[in-house]
Amino acid sequence: MELIPAADDPRPQFVSLGAGVQSSALLLMLDTGALPGPLPVGALFADTGWEPESVYQHLGYLERTVKRIPIHRVSAGSMRQQLLDHAAGRSRFASPPLYVRHPGEKGHGQLRRQCTREFKIEPMLAWLRQHGYGRKRPVVQLLGITLDEIERMSPSRVKWATVAWPLVHHRLTRASCLAWLEDHGHPEPPKSACIGCPFRSRFGWSTLTPAERQDAIEVDAAIRHLPQMVGSTYLHRDCQPLSEIDLRAPCERGQLSILDGECGGWCAA
């Protein structure tokens, strides 16, 4: 896999923006010329309709701050509403990686993650198609994955929309992205993940506002028994109702805070 396109590659480039640390740093570095290469044609933020308010606030900051790269918000609708509609038997759903406890079993399983493709990747591809890109006019999507997270790298399944990883090419880590943002007067971006993302770490749940936690608790209760599902489904990895789990920060519980179990490069960068 090539980490970045060749210098003479004529394909337009787009930043896949998650509004987290790495993709924010990538966008700002490219916009200011801190990273070499052609200026991207735009940046695409795929809105699931269920992002924490901190993500929307930071996205607004980027829209006000980035001067040369237009930011486009794209969406396939509300993931939250689709979950509730499916729980009520009104529609199919693009499953998040919900945890499943089967009757009589001590362990638990996890559903295959479909939400990233249907709420992140597909809306971006649909926007590109609507604006004239495709097999006859291919593009490169720039992902904000860093050197310390190379296990998150994976090629595109779409031949006309290949992916590249400029931060890996320039051997930048998440820590160096944070340092660059601080040195250039930018606020630290929040963790980019849906309010009810099952990949949230224990610390990640604690970063939600009280209203967002209550929102997640209500959705978690609604999805306990999904249509045609054998077993009970949960948002939390402990397979317990969120209402019964201590969602305080680990330091408040006398534990170390460890950022574990995060999502892939399309959602959380």
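The model is predicted, with local features needing pLDDT of at least 70 and side-chain atom pairs counting only at pLDDT 80 or more, while totals for chains, interfaces and linings use all residues. Residues are numbered from 1 along each chain as its sequence is written, and side-chain values use heavy atoms, with hydrogens and water left out. Helices (H or I, at least four residues) and strands (E, at least two) are DSSP runs, numbered from the N terminus.

**The parallel sheet**

**Strands E1 and E2**

- E1 is joined to E2 by 4 bridges, and the two strands run parallel.
- Across this pairing, Phe14 stands opposite Gly42 in E2, Val15 has Ala43 as its bridge partner, and Leu17 is partnered by Phe45.
- Another 4 bridges join E1 to strand E6 (residues 139-143), again running parallel, and here Ser16 stands opposite Leu143.
- E1 is mostly covered, with 5 of its 5 residues buried; buried means under 20% relative accessible area, exposed over 50%, and partly exposed in between (1.4 Å probe, protein chains only).
- Gln13, Val15 and Leu17 point one way from E1, whereas Phe14 and Ser16 point the other way.
- E2 is mostly covered too, with 6 of its 6 residues buried. Gly42, Leu44 and Ala46 point one way from E2, and Ala43, Phe45 and Asp47 the other way.

**Helices H1 and H2**

- Two packed helices are described by the angle between their axes and the distance between the axes.
- For helix H1 (residues 21-32) and helix H2 (residues 53-65), the angle is about 5 degrees and the axes are 11 Å apart.
- H1 and H2 are therefore roughly parallel to each other; angles under 35 degrees count as roughly parallel, over 145 as roughly antiparallel, 65 to 115 as roughly perpendicular and the rest as oblique.
- Where they meet, Ser24, Leu28 and Asp31 in H1 are in contact with His58, Leu62 and Thr65 in H2, contact meaning heavy atoms within 4.5 Å.
- The buried residues of H2 are Val55, Tyr56, His58, Leu59, Gly60, Tyr61 and Leu62. Their cover includes strand E1 (13-17), H1, strand E2 (42-47) and strand E3 (71-75).

**Helix H4**

- Helix H4 (residues 115-130) has 16 residues that should span 22 Å at 1.5 Å a residue, which agrees with the 21 Å between its end C-alpha atoms. The expected span is 1.5 Å times one less than the number of residues.
- H4 has a kink of about 35 degrees at Glu122, shortly before the proline Pro123. The bend at a residue is the angle between axes fitted to the seven residues ending there and the seven starting there.
- Among the buried residues of H4 are Phe119, Ile121, Pro123 and Trp127.
- Gly132 follows H4 and has a positive phi, near 90 degrees.

**The antiparallel sheet**

- A separate open sheet of 3 strands has the order E5-E4-E8, and its pairing is antiparallel.
- Strand E5 (109-110) and E8 stand at its edges, each with a single partner strand, so one side of each lacks a neighbour in the sheet.
- Strand E4 (residues 99-101) is joined to E8 by 3 bridges, and Tyr99 has Tyr234 as its bridge partner.

**Two loop residues**

- Ile69 sits in the loop between H2 and E3 and is buried, with a relative accessible area of 2%.
- Leaving aside neighbours within four places in sequence, Ile69 is in contact with residues including Leu27, Asp31 and Ala43.
- Glu244 lies in the loop between strand E8 (232-234) and helix H9 (265-268) and is exposed, with a relative accessible area of 61%.

How values were computed:
Pairing = 2+ DSSP bridges. Axes fitted to C-alpha atoms, helices over the stretch in contact; angles between N-to-C directions.
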